[in-house]
Amino acid sequence: ISEDSKPCKDVSADDGLLQGGLVIDGSSTLTSLDLTGVKIIDGDFVLNGQETLASFSAPDLTEVKGNIIIGGQAEDERNAKLASITFPVLEKVLGKFQVSSNAELTNVSSSKLETIEGELKIDSCTDLSTIDLPLLSTSGGIYVSSNKALEQLSLPSLTSNTARLTVKGNENLADISLDKLTQSIGSDDSD
């Protein structure tokens, strides 16, 4: 947790609400993160600049009332060892869901995620082979780019995309599942 972050003291055991968001930024010693018991993050969830973090667990998280940002383009925002991102019961993200520049990441999945009100952006994760969001039905944009090992993009329940839909620079992408997409608005190809 960065030096200027507030301590996470407002998690209620009864309702699992984490007030004010959670920002974990710039650590060379954190190896694992366990968010068991946290059901709702009332703000952003940011996980950046982790040199040794290999795994994190959020088995009870159902909603993020802000953005999820894991990694970033700047050198000090990257998560060097993070191998998997899994949110088993996450249903809704009220902001964007961004995963960027996580070199050892192989999998992004959330089996119950239905809504991302902002953009789903997954880019520059060189070892990422699978994106699996089987229940995602609504997104405020999709940008999947420069994931060299990506073989599968599975969004079989996506029916509505309210902004750009861009999939590019994924050299090994062999399977895209957008079976139910009926509405996609926008084609802004700029970053």
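F97 has L120 as its bridge partner in β14, where strands (E, at least two residues) are DSSP runs numbered from the N terminus. This is a predicted model, in which local features need pLDDT of at least 70, side-chain atom pairs count only at pLDDT 80 or more, and totals for chains, interfaces and linings use all residues. Residues are numbered from 1 along each chain as its sequence is written, and side-chain values use heavy atoms, leaving out hydrogens and water.

Strand β11 covers residues 97-100 and runs parallel to β14 (residues 120-123), joined to β14 by four bridges. Strand β8 (residues 68-70) also pairs with β11 in the parallel sense, over three bridges; two strands pair if DSSP finds at least two bridges between them. Here I69 has Q98 as its bridge partner.

In a regular strand, side chains alternate between the two faces of the sheet. In β11, F97 and V99 point one way, Q98 and S100 the other, and all are buried (under 20% relative accessible area; exposed is over 50%, partly exposed in between; 1.4 Å probe, protein chains only).

Beyond its neighbours within four places in sequence, F45 is in contact (heavy atoms within 4.5 Å) with residues including L22, F56, I69 and F87.

E151 lies in the loop between β17 (142-145) and β18 (152-154). E151 is partly exposed, at 49% relative accessible area.
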